[in-house]
Amino acid sequence: MITPAFDLSQDPEYLILSVRVPYTRTSEFDLYIDGTDVKFYAKPYFLRLTLPGRVMEDGREKASFDIDKGLFTVQIPKEITGEHFEGLQMLTNLLAPRGSRSAKPLLQDISPDCSENVGNDEAEDEADFDWQVEQKVYVERSEEELNDLQKYGFGNQRSGVFGRLQEELSDVIDLKNPDRTNIAERRQARIHAEASAFSPDHYLADLFEDTEIKRLLKFRSWWTKLCPSQEQEEEHVILFSNEEKEQLRKFTNQSYLLDKTSRYQVWLSLVDIILSYSYEVRSTEGEHNVESPWTIRKLSGTLCWLETYSSLQEVLVSFGRRVLCFPLYRHFDMVSAAISDTAAVLRSGRAFILKCLLDIHKVFRQNDPAYILNDLYITDYCIWIQRIKSKKLSSLATALQNVSLQKKDLDLDIEELEEAATMVVEEENSASKRPSECPSCSLSSDSSSSEDNDESELEGQAHGASSHTAVRGEQSRHSPPSPGRRQTAHPGAWGAKNLSRIS
């Protein structure tokens with residue numbers, strides 16, 4: 001059976017179901033309606049939905065079929081007129097059968113009789129597989145060995161994944177041996193790597209040459225233009241593209257058995273991931289590029305170091321440090337803007353968060369081997385977020401706004417660096433504004449300068465053409481950079497010599 005493309009909408013009286021079923025006979029439609037269950041069959045299509053509210057079959061049903069578009073539309077009466085059904089855009093959740101809400105392990109054995117298509121998939125794999133590639137037999141780990149491995153991924157429910165992916169490991173995460181590195185060791189290694197990567201030159205360049213930073217700070221992300229008002233439901237404001245709807249239908253619906261600690265860590269990691277995504281959207285002004293997978297992954301301690309956080313303050317400190325250490329634009333105001341953007345996304349509801357996660361999923365899906373992060377985190381988040389209550393998201397957004405992040409919290413000594421750099425700039429400005437010296441001093445300086453000129457002329461005649469070569473070399477060293485390329489390795493207009501004075 002094929003699950004067809006479908007869409008749901010509503011008015012106060014009816015639930016409206018639109019199903020795309022091309023190349024089917026109009027005489028073979030079957031529709032079953034019973035409370036929260038709706039089943040649709042038109043060979044070879046079958047659709048089963050579990051609704052968030054109750055509908056009924058009382059003779060008021062209306063159906064139509066557009067043969068040209070292959071679109072079947074049915075209006076189903078609601079049991080309670082005026083009731084609003086929440087979550088009609090959460091397609092993965094709607095596809096779940098009523099009896100499948102119990103939690104299941106994330107890793108399962110799939111035997112051939114569990115799926116009608118397994119045999120076909122294996123046949124296709126055999127046809128496309130290159131048998132000349134050298135292969136090694138994978139040795140299944142014992143239960144005791146798996147218990148000894150460190151956990152990571154969504155809800156810390158994965159282990160042993162990177163044992164089979166050693167070649168891709170360095171291109172996905174910065175952690176060298178995730179299966180044998182505990183949480184404390186991961187954090188210590190991450191903090192050391194950030195401290196080593198921090199560049200005072202780059203930071204001061206963005207601090208004093210901030211024209212481009214100011215332009216990016218004025219950028220309005222797509223969610224700021226679509227934030228719902230109190231009178232509007234989130235489903236009415238945001239629309240998913242056909243590609244996003246198709247991806248939602250492809251997800252395998254499942255429940256997650258999370259204890260209180262794991263659930264809290266899942267929330268904190270979600271904030272961390274959305275923070276890195278918010279920065280990437282602002283830094284590229286909403287236009288993803290080839291660096292987007294790297295930026296999202298690199299700025300998130302969750303994705304790059306498999307980090308596990310215990311508070312919102314830890315999340316913000318980690319994110320702030322990474323913004324000032326790794327990407328192109330390293331400015332504290334970019335950190336603050338990303339925090340505000342993330343709070344706005346959380347406040348707007350789960351549909352906005354789901355759209356962000358689907359965008360991340362697409363970015364990683366199109367990048368090899370970043371797709372591994374989809375398997376570890378993003379896919380599970382896309383499924384899990386569809387069942388979350390909006391009240392929890394609002395409280396998380398409020399808590400995020402109430403957390404204060406200051407420069408001193410990042411432990412990179414940037415306040416001292418800024419203070420020293422500012423003093424150098426002020427000293428240069430005051431030196432340039434000093435009054436001219438007294439006449440007698442100028443006379444003596446003129447006489448000494450004339451003597452110096454005589455000596456320099458003699459030296460110039462002695463050295464000959466070598467002095468001209470030195471002049472050309474000095475000019476080329478101070479020539480302006482080529483246009484169109486941002487020189488981030490230098491501390492800006494106030495000169496590299498001032499940086500040495502600071503240090």
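The legends below go with several close-up views of a predicted model.

**Figure 1. The whole chain, as a starting point.** Of its 503 residues, 42% are buried. Looking at contacts between residues at least 6 apart in sequence, 74% join residues at least 24 apart.

Figure 2. For a closer look at L17, set aside its neighbours within four places in sequence: L17 then touches F6, D7, L8, V38, L47, L49, F72, T73 and V74.

**Figure 3. Helices α16 and α17 side by side.** Helix α16 covers residues 350–365 and helix α17 covers residues 371–384; their axes lie 10 Å apart at an angle of about 165 degrees. Angles over 145 degrees count as roughly antiparallel, and α16 and α17 are therefore described as roughly antiparallel to each other. The crossing of α16 past α17 is left-handed. On the α16 side the contact uses L354, L357, L358, I360, H361, F364 and R365, and on the α17 side Y371, L373, N374, I378, T379, Y381 and C382. By type, the residues of this contact are 10 nonpolar, three polar and one charged.

**Figure 4. Helices α15 and α18 in contact.** Helix α15 (residues 332–348) and helix α18 (residues 390–402) have axes 8 Å apart, at an angle of about 160 degrees. The pair is therefore roughly antiparallel, and the crossing of α15 and α18 is left-handed. From α15 come I339, T342, A343, L346 and R347, which meet L393, L396, A397, L400 and Q401 of α18. Seven residues of this contact are nonpolar, two are polar and one is charged.

**Figure 5. Helix α10 crossing α16, with K250 in α10.** The axes of α10 and α16 come within 11 Å and cross at roughly 85 degrees, and the two helices are therefore roughly perpendicular. Residues E243, E244, Q247 and L248 of α10 make this contact with L354, K355, L358, H361, K362 and R365 of α16. The tally here is three nonpolar, two polar and five charged residues. Also in α10, which spans residues 242–250, is K250. With a relative accessibility of 56%, K250 counts as exposed. Its C-alpha atom is 9.7 Å from that of L91, although K250 and L91 are 159 residues apart along the chain.

**Figure 6. Loop residues with backbone geometry to check.** One joins K43 and P44, with omega about 10 degrees; P44 sits in the loop between β3 (30–42) and β4 (45–55). Another joins D368 and P369, again with omega about 10 degrees, and P369 belongs to the loop between α16 and α17. Next come positive phi values in residues other than glycine. E285 has phi near 55 degrees and lies in the loop between α11 and α12 (292–299); at 32% relative accessibility, E285 counts as partly exposed. D411 has a phi of about 55 degrees and is placed in the loop between α18 and α19 (414–432). D411 counts as exposed, at 59% relative accessibility.

Definitions and conventions:
Residues are numbered from 1 along each chain as its sequence is written. This is a predicted model: local features need pLDDT of at least 70, side-chain atom pairs count only at pLDDT 80 or more; totals for chains, interfaces and linings use all residues. Side-chain values use heavy atoms; hydrogens and water are left out. Axes are lines fitted to C-alpha atoms, for helices over the stretch in contact, and angles run from 0 to 180 degrees between N-to-C directions. Helices (H or I, at least four residues) and strands (E, at least two) are DSSP runs, numbered from the N terminus. Angles under 35 degrees count as roughly parallel, over 145 as roughly antiparallel, 65 to 115 as roughly perpendicular and the rest as oblique. A crossing is left-handed if the near helix is turned anticlockwise from the far one by less than a right angle, and right-handed if clockwise. Contact means heavy atoms within 4.5 Å. Ala, Val, Leu, Ile, Met, Phe, Trp, Tyr, Cys and Pro count as nonpolar, Asp, Glu, Lys and Arg as charged, and the others, Gly among them, as polar. Buried means under 20% relative accessible area, exposed over 50%, partly exposed in between (1.4 Å probe, protein chains only).
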